[in-house]
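Q: I would like to go through the helix packing of this model. Could we take it one piece at a time?

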Amino acid sequence: MAWSTSSSSTPHQKHEVFLSFRGEDTRYTFTGHLHASLTRHQVNTYIDYNLQRGEEISSSLLRAIEEAKLSVVVFSKNYGNSKWCLDELLKILECKNMRGQIVWPIFYDIDPSHVRNQTGTYAEAFAKHEKHLQGQMVKVQKWRVALREAANLSGWDCSVNRMESELIEKIAKDVLEKLNRVYVGDLDQQIAKLEQLAQLQHQFLQNIPSLENVRNHRATVQRITELKMERSVRMLRLPPDMLSHLENSNNNNYFPL
């Protein structure tokens with residue numbers, strides 16, 4: 001496994017989200033894009049960049065699952081083929097039931113009923129498991145129960161008619177909200193750019209004083225002030241009714257003492 005910004009050589013870096021997925025299905029598509037979005041929203045995420053896996057799930061991976069506050073399970077056509085993925089799922093659901101970990105399933109290019117009932121590609125996968133693991137049928141049955149439990153949880157069905165980029169952004173923002181986090185990176189970027197612009201405008205104004213240049217500089221400073229206020233309001237997590245009151249107060253030029 002690898003952390004959100006590096007390889008598995010940094011096992012002590014804290015993370016909040018664990019991603020479980022079938023690499024050959026979604027590593028370079030949906031899951032890769034979701035990881036990028038979570039990173040952009042400053043959510044530390046544990047994701048597997050290791051293309052070679054052993055037979056048994058590693059102790060470091062088990063610990064990573066335990067330490068996560070939220071696990072996202074990306075079910076795809078070949079997820080059920082992987083004994084590693086199924087063992088991850090067992091551990092994730094154990095943490096859900098024993099530690100209260102939040103678990104969100106995502107169904108990517110797969111009907112949720114196929115996961116829930118082990119039909120379609122999942123039926124084929126389990127036929128192979130039962131053939132090759134005849135002495136471990138108890139474990140195979142645990143996998144079946146885990147898939148049914150996970151598929152019944154509230155999550156996202158990617159087959160719904162919507163842009164994948166929009167869905168990924170929605171998931172990332174829902175993760176932030178569930179983690180009780182507020183994202184202000186977008187505002188910080190705007191503020192930083194406008195502050196650079198204001199500095200250039202100030203220098204230009206000193207060299208070429210004019211009413212137009214004064215107005216431009218003041219407009220930029222005003223916009224910076226508005227964005228900083230928006231950032232503060234976002235950080236305060238004010239409820240909608242209070243936000244509405246603030247807007248009405250500003251419109252009426254009324255500032256309570």
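Q: To start, which residues of helix α2 are buried?
A: This is a predicted model. In helix α2, which covers residues 30–40, the buried residues are Phe 30, Thr 31, Leu 34, His 35, Ser 37 and Leu 38.

Q: Where do these buried residues fall when seen down the axis of α2?
A: They lie within an arc of 160°, so the buried residues line one face of the helix. An α-helix has 3.6 residues a turn, so residues three or four places apart point the same way.

Q: And what do the buried residues of α2 pack against?
A: Their partners are the strands β1 (17–21), β2 (45–46), β3 (70–75) and β4 (102–107), together with the helices α1 (23–26) and α8 (164–178).

Q: Let us stay with α8. At what angle do α2 and α8 pack?
A: The angle is about 45°, and the axes are 9 Å apart. The two helices α2 and α8 are therefore oblique to each other.

Q: Is that crossing left-handed or right-handed?
A: The crossing of α2 and α8 is right-handed. On the α2 side, the contact is made by Phe 30, His 33, Leu 34, Ser 37, Leu 38 and Arg 40. On the α8 side, Glu 164, Leu 167, Ile 168, Glu 169, Ile 171, Ala 172 and Val 175 take part.

Q: How many nonpolar, polar and charged residues does that contact have?
A: The contact of α2 with α8 has eight nonpolar, two polar and three charged residues.

Q: What comes just after α2, in terms of phi?
A: Gln 42 takes a positive phi there, of about 65°.

Q: Changing topic: how do α4 and α7 pack?
A: Helix α4 (residues 83–99) and helix α7 (residues 137–151) pack at an angle of about 60°, with their axes 9 Å apart. That angle makes α4 oblique to α7. The crossing is left-handed.

Q: Which residues meet there?
A: From α4, Lys 83, Leu 86, Asp 87, Leu 89, Leu 90, Leu 93, Lys 96 and Asn 97 meet Lys 139, Lys 142, Trp 143, Ala 146, Leu 147, Glu 149 and Ala 150 of α7. By class, this contact has eight nonpolar, one polar and six charged residues.

Q: What does Thr 26 touch?
A: Leaving aside residues up to four places away in sequence, Thr 26 touches Phe 21, Thr 31, Gly 32, Val 74, Ser 76 and Tyr 108.

Key:
Residues numbered from 1 in each chain as written. Predicted model: local features only at pLDDT ≥ 70, side-chain atom pairs only at ≥ 80, totals over all residues. Heavy atoms only, no water. Buried < 20%, exposed > 50% of the residue type's maximum accessible area, 1.4 Å probe, protein only. Helix = DSSP H or I, 4+ residues; strand = E, 2+ residues; numbered from the N terminus. Arc of directions from axis to C-beta. Contact = heavy atoms within 4.5 Å. Axes fitted to C-alpha atoms, helices over the stretch in contact; angles between N-to-C directions. Parallel < 35°, antiparallel > 145°, perpendicular 65-115°, else oblique. Left-handed = near helix turned anticlockwise from the far one by under 90°. Nonpolar A, V, L, I, M, F, W, Y, C, P; charged D, E, K, R; others polar.
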